[in-house]
Amino acid sequence: MKSTPLSLIAGVVALAAVTGFAALTVPGDDGATEAKAAARLPVERSSLLCPAPSTSDLAETTYTSFTPAAKDGPKDGTAELKAAEALPADEDEPADGKTGDADGKTGDADGKTGDADDKADADDKKKTDADDKEKAADTKPVVSLKDLGKPVTAETSKSGAPALVGTATDRFAPGWTTQQTTTAAAGGARGLLGVSCTAPDTDFWFPGASTGASRQDYVHLTNPDDTAAVADIELYGAEGPLKSDVGEGITVPARSSVPLLISTLTGEAAENVTVHVTTRSGRVGAVVSAAEDEVGSDWLAASADPAGTQILPGIPADATSVRLVAFAPGEDDADVKVQLLGKNGTFSPAGNDTLHIKSQMTASVDLKNVTRGEPGSLRLTPTDGSRTPVVAALRVVRGTGAKQEVAFIPATGPVGERATVADNRAKGSVLSLTAPGKTAKVKVTASAGSEGGEAAVKTYTVKGGTTLEVTPEAPAGLKGGYALTVETESGGPVHAARTLTIPEGGIGMFTVQTLQDDGGTVEVPEAEQDLSVLDD
């Protein structure tokens with residue numbers, strides 16, 4: 001048997017660091033050599049996609065990008081977000097579908113050439129130069145990280161600002177996160193719209209959307225790659241699938257973003273809708289923007305993958321209305337126990353201790369002001385032991401009357417080894433920590449500020465079956481915004497969410513972002529055989 005080159009082993013390690021998976025088969029062993037987990041290495045590349053923020057002239061958007069500090073690792077690397085390419089207009093045909101001049105003739109009106117042609121050429125050159133400058137500006141990074149452990153911010157008030165696509169490499173890749181926060185002070189999309197920019201994927205679930213008359217919900221699809229992606233969108237209401245003739249085979253051009261008004265994908269109006277986005281080819285980032293008349297607007301992020309148990313953390317203590325929306329994507333119905341993990345323990349909402357979710361039908365229940373003045377999180381668990389997988393999200397309203405504001409909380413996985421949320425302010429940031437099982441201890445690091453300040457670290461113990469709400473200890477000498485990083489130190493799993501509140505016009509505008517394991521490291525398998533000593 002020939003010896004396996006060390007370069008092959010190095011290649012496997014690199015593959016694992018980029019993709020999170022690698023397999024190694026010794027030549028001549030017919031796959032018999034197994035691999036075992038030996039170590040965790042930092043990822044070498046991460047991708048993030050931020051949707052187009054707003055078309056309002058009154059909106060202001062802040063991007064905050066951050067990678068946690070590391071003790072060791074690569075010294076080089078970049079982390080940049082750039083504008084997605086605008087979809088090219090078809091300039092080959094005039095709007096009326098005709099070619100040539102208005103009279104169907106070519107040439108000048110008098111049949112002569114000369115000054116008019118020269119002027120046209122000059123105008124064309126000016127337009128070309130302007131287009132070239134605009135294209136050059138679009139290739140510059142909107143946000144670019146310079147240091148680990150210190151966020152960088154960028155702002156725009158441009159109407160119709162584009163979606164962003166970006167990549168972090170080497171030292172900036174592990175744990176890279178970016179928050180997009182838009183304040184819209186007035187209009188139909190009034191509200192504080194916050195979203196953690198997403199990694200590209202091929203499958204997304206969005207319970208909590210709507211095609212009702214009072215809602216204007218868009219699903220934003222962003223393609224980070226150099227080839228087109230093809231996506232399908234399925235809609236499910238309370239009675240099952242909503243008929244749609246235009247939700248299949250949606251092309252998302254390379255490095256571009258496509259927003260789709262969900263209500264135009266079907267002729268059926270439904271108050272509570274589950275949106276399922278999949279790709280036939282390629283991958284996309286997907287997120288839903290939801291605007292509700294006289295209530296407000298926010299982003300609806302994807303639910304955690306279908307599972308028997310789901311955790312929805314971070315319901316504000318002063319929530320005036322909480323609606324649970326759930327969906328069972330499989331062939332079986334689901335019966336789930338609904339429990340609130342409160343400040344001092346776990347209890348079931350009166351009259352809503354269980355929820356029956358019919359297969360491929362969106363179920364919802366109005367939990368009203370379920371928290372009753374105390375912060376909480378929702379836990380869904382199977383009642384019959386069948387563990388039928390479900391997805392879920394919460395629509396949460398604070399305030400009453402003309403001062404209402406809405407946000408969404410999707411089911412989310414635990415923070416795991418480490419999770420981060422960016423764009424925290426000196427005032428208005430609240431962190432919710434939930435331990436659905438055993439008591440746990442977590443370390444919370446408030447990073448240095450984007451414009452100055454020193455990081456602060458504090459440890460919290462979260463009692464099993466409860467939700468702990470804390471106001472993070474801000475960095476000393478804080479200037480600008482900062483990031484919060486949560487790391488599990490001991491005990492059971494912890495789920496977390498950050499609520500950001502910004503007063504605007506007498507309204508406590510707010511948005512909630514859940515924190516999930518950042519996947520900053522991956523397991524690299526070690527062959528049970530020492531390949532370096534195999535001889536011919």
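Biologist: Which residues does Leu 235 touch, leaving out those up to four places away in sequence?
Modeller: Leu 235 touches Gly 240, Pro 241, Leu 242, Ile 262, Leu 265, Thr 266, Val 273, Thr 274 and Val 275. Contact here means heavy atoms within 4.5 Å. Before we go on, this is a predicted model, where local features need pLDDT of at least 70 and side-chain atom pairs count only at pLDDT 80 or more, while totals for chains, interfaces and linings use all residues. Residues are numbered from 1 along each chain as its sequence is written, and side-chain values use heavy atoms, with hydrogens and water left out.

Biologist: Thanks! What about the largest nonpolar core, how many residues does it have?
Modeller: The largest nonpolar core has 30 residues. Such a core is a set of buried Ala, Val, Leu, Ile, Met, Phe, Trp, Tyr and Cys residues joined through side-chain atoms within 4.5 Å. Buried means under 20% relative accessible area, exposed means over 50%, and partly exposed is in between, with a 1.4 Å probe and protein chains only. The residues with the most contacts inside this core are Phe 206, Val 219, Leu 221, Ile 233, Leu 235, Val 275 and Val 277.

Biologist: Which strand gives the largest share of this core?
Modeller: Strand S12, residues 229–237, with four residues. Strands are DSSP runs of E, at least two residues long, numbered from the N terminus. Apart from this core lies another, of 29 residues, among them Ile 315, Ala 319, Ala 363 and Val 365.

Biologist: Let's move to S17. Is that strand covered or open?
Modeller: S17 (residues 285–292) is mostly covered, with eight of its eight residues buried. On one side sit Gly 285, Val 287, Ser 289 and Ala 291, and on the other Ala 286, Val 288, Ala 290 and Glu 292.

Biologist: And which strands does S17 pair with?
Modeller: S17 pairs in the antiparallel sense with strand S11 (residues 215–222) over eight bridges, and with strand S18 (residues 296–300) over five bridges, also antiparallel. Two strands pair if DSSP finds at least two bridges between them. Leu 221 stands opposite Ala 286 in S17, and Val 288 has Leu 300 in S18 as its bridge partner.

Biologist: Which residue meets Arg 398 in a salt bridge?
Modeller: Asp 318 does, at 2.8 Å from N to O. Arg 398 lies in strand S26 (residues 391–398) and Asp 318 in the loop between strands S19 and S20, so the pair ties together parts that are 80 residues apart in sequence. Arg 398 counts as buried at 15% relative accessibility, whereas Asp 318 is partly exposed at 42%.

Biologist: Where does Glu 417 come in, then?
Modeller: Glu 417 and Arg 40 meet through their side chains in a salt bridge, 4.0 Å from N to O. The two are 377 residues apart, with Arg 40 in strand S1 (residues 35–42). Arg 40, Glu 417 and Glu 523 are linked in a network of salt bridges.

Biologist: Last one: in what order do the strands of the open sheet with S29 and S36 run?
Modeller: The order is S33-S29-S36-S37, four strands with antiparallel pairing. The edge strands are S33 (466–470) and S37 (507–515), each pairing on one side only. Six bridges join S29 to S36, and Ser 432 has Ala 497 in S36 as its bridge partner.

Biologist: Is Gly 505 buried or exposed?
Modeller: Gly 505, in the loop between S36 and S37, is exposed, with a relative accessible area of 76%.
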